[in-house]
Amino acid sequence: MIKQLFKKIKAYDTIIIHRHSRPDLDALGSQRGLALVLKHAYPSKKIYMVGDMSERYAFLGEMDEIDASLYQNSLVIITDVAVSHMVSDERYKLAKEVFIIDHHKNASDITQNVICDSSKVACAELIAEILLEKKYFIPKDAATALYGGIVTDSGRFQYGETTGKTLYIAGKLLDLGADKDFIYKNLYTESLKERQLKNWFAARFETTKSGVAYLKNGPEIFKKFDVDFFNISRGMVSVMAGIKEISIWCNFTYDIANNKVVGEFRSREISIVHIAKKYGGGGHDLACGATLNSFEEADLVIKDFDRLLMEV
């Protein structure tokens with residue numbers, strides 16, 4: 001499938017790269033890294049990046065604003081997601097052909113043109129590996145984007161899917177000029193307001209007897225704090241991490257725009273992705289999520305995690 005994709009890349013004059021909505025740095029890094037490499041390799045082609053932008057990761061760069069007419073006779077490549085309801089910008093459906101590059105344990109309902117390796121800790125790792133094997137030149141800004149995706153999705157190289165190959169690829173990106181200081185400065189330096197916000201959430205999470213920690217964030221949260229959805233949903237799940245007594249932690253946040261509850265699930269060592277899939281979600285063994293209909297459904301998820309811990 002990799003060979004087929006690169007034949008298509010050479011054949012098409014217009015290539016549009018999508019990824020999942022409410023992007024993390026792996027989604028943005030894999031999308032941007034691939035786009036910048038292809039722009040360098042094929043300067044005469046029209047190559048675009050589209051999708052919504054997270055305020056948290058806006059430092060990486062802006063998305064392109066394009067007209068729907070550009071999708072006619074275009075190739076779309078979707079990175080870091082394989083399921084239709086999570087793709088940012090539904091205009092990918094207008095493309096002549098669609099390919100997916102992903103690393104999650106979810107079957108695609110979009111196309112059969114899927115390159116997926118769930119052993120990779122990040123989609124950026126998979127894309128970087130393919131580009132290196134194909135001997136494409138990776139410019140410094142592309143290397144920085146890909147390195148950022150690997151760093152964040154690996155939890156700074158802590159998560160179980162991190163391998164020697166992960167470190168090798170990250171090292172190659174550094175050799176190619178990836179600006180690790182730029183990534184770390186933007187990721188791990190925060191304002192006093194941001195730190196106080198984390199402290200507020202860290203002081204209010206609840207726990208079950210078996211060792212599940214959870215936060216429930218209703219619509220009132222967004223009246224109390226002037227932050228976007230991503231900063232609460234994805235941003236605050238980590239306040240429950242690294243606690244000896246907590247084996248599984250989850251953050252449930254009301255999504256005002258869609259009248260849903262978005263759950264972010266994490267585990268220190270026990271695979272939990274099957275529970276995420278039970279509720280229509282997915283992801284990785286130790287880091288996954290699902291979109292739920294209510295906080296009552298969130299309670300069912302917590303009970304499932306409780307039962308899982310009691311069985312081990």
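This is a predicted model: local features need pLDDT of at least 70, side-chain atom pairs count only at pLDDT 80 or more; totals for chains, interfaces and linings use all residues.
## The parallel sheet

Let's start with the sheet built from 5 strands. It is open, its pairing is parallel, and its strands come in the order β2-β1-β3-β4-β5. The edges belong to β2 (46-49) and β5 (114-116); each has a single partner strand, so one side of each is left without a neighbour in the sheet. On average, and ignoring direction, neighbouring strands here are turned by 15° against each other.

For a look at one pair, take β3 (residues 75-79) and β4 (residues 97-102): they run parallel and are joined by 5 bridges. Within that pairing, I78 sits opposite I100 in β4.

## Helices lying on the parallel sheet

Helix α1 (residues 2-11) lies across β1 (14-19), β3, β4 and β5, and it runs at about 130° to β4. Helix α2 lies across β1, β2, β3 and β4, with a direction at about 165° to β1.

## The mixed sheet

The other sheet to look at is also open, but with 6 strands in the order β6-β7-β8-β9-β11-β10 and mixed pairing. Here β6 (206-207) and β10 (282-283) take the edge positions, and since each has a single partner strand, one side of each is left without a neighbour in the sheet.

Further in, β8 (residues 248-255) and β9 (residues 260-267) pair in the antiparallel sense over 8 bridges. If you want a residue pair to click on, N251 stands opposite E264 in β9. Helix α11 (residues 295-311) lies across β7 (212-217), β8, β9 and β11 (287-292), and its direction is at about 170° to β8.

## α4 and its two helix partners

A packed helix pair is described by the angle between the two axes and the distance between them. Helix α2 (residues 25-41) and α4 have axes that come within 7 Å and cross at roughly 155°. Angles over 145 degrees count as roughly antiparallel, and α2 and α4 are therefore roughly antiparallel to each other. The crossing is left-handed. From α2, the contact uses L25, D26, G29, S30, R32, G33, L36 and V37; from α4, it uses D141, A142, A145, L146, G148, G149, T152 and D153. Sorted by class, that makes 6 nonpolar, 6 polar and 4 charged residues.

Now for the other partner. Helix α4 (residues 140-153) packs with helix α6 (residues 180-188) at an angle of about 50°, with the axes 9 Å apart. That angle makes α4 oblique to α6, and this crossing is right-handed. On the α4 side you'll find T144, Y147, G148, V151 and T152, which meet K180, F182, I183, Y184, L187 and Y188 in α6. The class count for this contact is 7 nonpolar, 3 polar and 1 charged residues. G148 and T152 are listed both in the contact with α2 and in the one with α6.

## Two positive phi values

Finally, a pair of backbone angles to check. N73 is not a glycine, yet its phi is positive, at about 60°; this residue is in the loop between β2 and β3.

K135 is another non-glycine residue with a positive phi, near 65°. It belongs to the loop between α3 (123-133) and α4. With a relative accessible area of 74%, K135 is exposed, the cut-off for that being over 50%.

Notes. Residues are numbered from 1 along each chain as its sequence is written. Side-chain values use heavy atoms; hydrogens and water are left out. Two strands pair if DSSP finds at least two bridges between them. Helices (H or I, at least four residues) and strands (E, at least two) are DSSP runs, numbered from the N terminus. Contact means heavy atoms within 4.5 Å. Axes are lines fitted to C-alpha atoms, for helices over the stretch in contact, and angles run from 0 to 180 degrees between N-to-C directions. Angles under 35 degrees count as roughly parallel, over 145 as roughly antiparallel, 65 to 115 as roughly perpendicular and the rest as oblique. A crossing is left-handed if the near helix is turned anticlockwise from the far one by less than a right angle, and right-handed if clockwise. Ala, Val, Leu, Ile, Met, Phe, Trp, Tyr, Cys and Pro count as nonpolar, Asp, Glu, Lys and Arg as charged, and the others, Gly among them, as polar. Buried means under 20% relative accessible area, exposed over 50%, partly exposed in between (1.4 Å probe, protein chains only).
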